[in-house]
Amino acid sequence: MNSPSDPRIPSDSPRHVEAVIVGAGFAGIAAALALRSEGVTDFVILERADSVGGTWRDNVYPGVACDVPAHLYGLSSHPWPEWSRTFAPGAEIRAYLERIVRNEGLERHLRLGTAMTAAEWAGDAWTVRSAQEDFRASSLVLAAGRLTEPLIPDIPGLADFPGPVFHSARWDERIRIEGARIAVVGTGASAVQLTPELARRGAYVTLFQRTPAWIVPRRDRAYSPVERTSWRDDPGALAALRDELYVEGEARYASRSGDPVAAAEARELSLAHLARQVPDPVLRAALTPDYAFGCKRVLLSDEFYPAIASGAVTLEPSALAAVDDDTLVAATGARHRADVIVLATGFEAARQPYARLVTGEHGLTLDEHWSGGMTSVGSTLVHGFPNLFVLNGPNASLGHNSAVLIMEHQAAFAASLISAQRPVRVSLDAEAAYTAEIAERAAGTPWVVGGCRNWYTDPRSGRLTLLWPGTVSDFRDRLARVRDDILHPALTP
């Protein structure tokens, strides 16, 4: 029986804390650790699910893994010598985050199964509501991520399909794979991992490809016991490996952002990879992108092309246009029967779902403020929303290196300002200037003029709103200038 002081019982008097963090994935955990390192211990982490892990909790489809090297896709404060492979499987990443929470004693800050239902600036603090408990917080850290709400396409007849239909991020483990006719819709990162694994497990797969992807060799391998022992015994060697991977990642920025020499070399690498693995010229042509390298997310795979070339997967080189009972009608007019439809169609990334729940000092929700696409100062602060810190939101994604690096810089930035215990506001002019700066940096890059549709840009404005148009070191330095301008405005040029 719950006692009257049980924190799960809603109270008319919200509990006061220094900060509320929303989300317990990489960004939320990084924020919690950064706050503690700044001496802030009075905070809570609201997580709507019943466990931590974010993307790596939600995505459990066959073959799910990271496409950033494992030793770079982790928190710098928590290196892990025991990764099993160059690219960690999803379950290992989730276990890594759970281990950090457990070892760092963050459970006492966690409120699992507690979704934020509303947050409103109340003059001098945030009122944050949930079904279980309300909080009055000096600061609010939104760490909900951009890959939380699946994007479900509006396809005629889809709702009447007689078999299971689900998004790859909501994988239904009850389905029988062997012998099933499974249609995969999409050719992004999830589909490229999922499709070969389904074929390997005995499914008859039809892949609906609206747009082919640029794919480069993955070169994944298992780490040996000797390697793992070396990293375990020698933290310096582990740090050196991370540094090496970081430098390699930063070097990839040139090819992704449109440097003509680097992009041409990367394009040739991808085309050679395709030619080696797909000898049929007709099939190879169907898998060759017609847009600039880097315009869409560049994918890594050594298994996707062989699965297509082997005939184990039927490639439908067009989008799914309609569903007629158990028959899927492609944009080409081709018809394919299926027992199961898996939508590997991405996420509501450009329009963050949590933004509808947050109301600022001018009575507008964050979603309304972002009606023309996300805007910010330092990719973290938003005009009209005092003491609000958005992690992994506007212009905080990467196409060339580990996004965890950006999250850590944002988390440290937020913690330094929260620990200073002073109001944090940014002007509309400052936000407009930063938005213009992003547009100037993005001008002429493949992300905005590369001839493709991507999730980096907002469909309402065409602006680059998700990707950071620079290197990680650029981002770190830019965020430092924003912090200095807030803490020491007289000293900032």
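What we have here is a predicted model.

I'll apply that to the disulfide. The search of the whole structure turns up one, and it joins C295 to C452, with 1.9 Å from S to S. Is C452 buried, exposed or partly exposed? Its relative accessibility is 22%, so C452 counts as partly exposed. The torsion about the S-S bond is -95 degrees, which makes the link of C295 and C452 left-handed. The pair connects distant parts of the chain, 157 residues apart. C295 lies in the loop between α9 (281-286) and β11 (299-300), and C452 in the loop between α14 (446-449) and α15 (472-487). One further cysteine, C66, has 3% relative accessibility, so C66 is buried as well.

Next, the nonpolar cores. In soluble globular proteins, nonpolar side chains tend to be buried together. In this model the largest nonpolar core has 109 residues. Which residues have the most contacts inside it? They are F26 and I182. Helix α12, residues 403-420, gives the most to this core, with 11 residues. Take F26 and leave aside its neighbours within four places in sequence: F26 is in contact with W56, Y73, G74, L75, I93, Y96, L97, V404 and M407. There is also a second, separate core of 27 residues, and W126, A350, L388 and V390 are among them.

Last, an arginine. R146 is in the loop between β6 (135-142) and β7 (165-167). R146 is buried, yet has no salt bridge. How far away is the nearest side chain of opposite charge? That side chain is D67, and the distance is 8.5 Å. For a salt bridge, the side-chain nitrogen would have to be within 4 Å of a carboxyl oxygen.

What does the side chain of R146 make polar contacts with? One is the side chain of N392, at 2.5 Å. Another is the side chain of S397, at 3.1 Å. Not counting residues up to four places away in sequence, R146 touches F347, E348, A349, Q352, N392, S397, W455 and L466. E348 is on that list of touching residues, but R146 still has no salt bridge.

That covers the disulfide, the cores and the arginine. I'll stop there.

Technical notes: Residues numbered from 1 in each chain as written. Predicted model: local features only at pLDDT ≥ 70, side-chain atom pairs only at ≥ 80, totals over all residues. Heavy atoms only, no water. Helix = DSSP H or I, 4+ residues; strand = E, 2+ residues; numbered from the N terminus. Buried < 20%, exposed > 50% of the residue type's maximum accessible area, 1.4 Å probe, protein only. Lys, Arg positive; Asp, Glu negative; His and termini not counted. Polar contact = N/O pair within 3.5 Å; in protein donor to acceptor, adjacent residues only side chain to side chain. Contact = heavy atoms within 4.5 Å. Core = buried A, V, L, I, M, F, W, Y, C linked by side-chain atoms within 4.5 Å. Disulfide = S-S within 2.5 Å.
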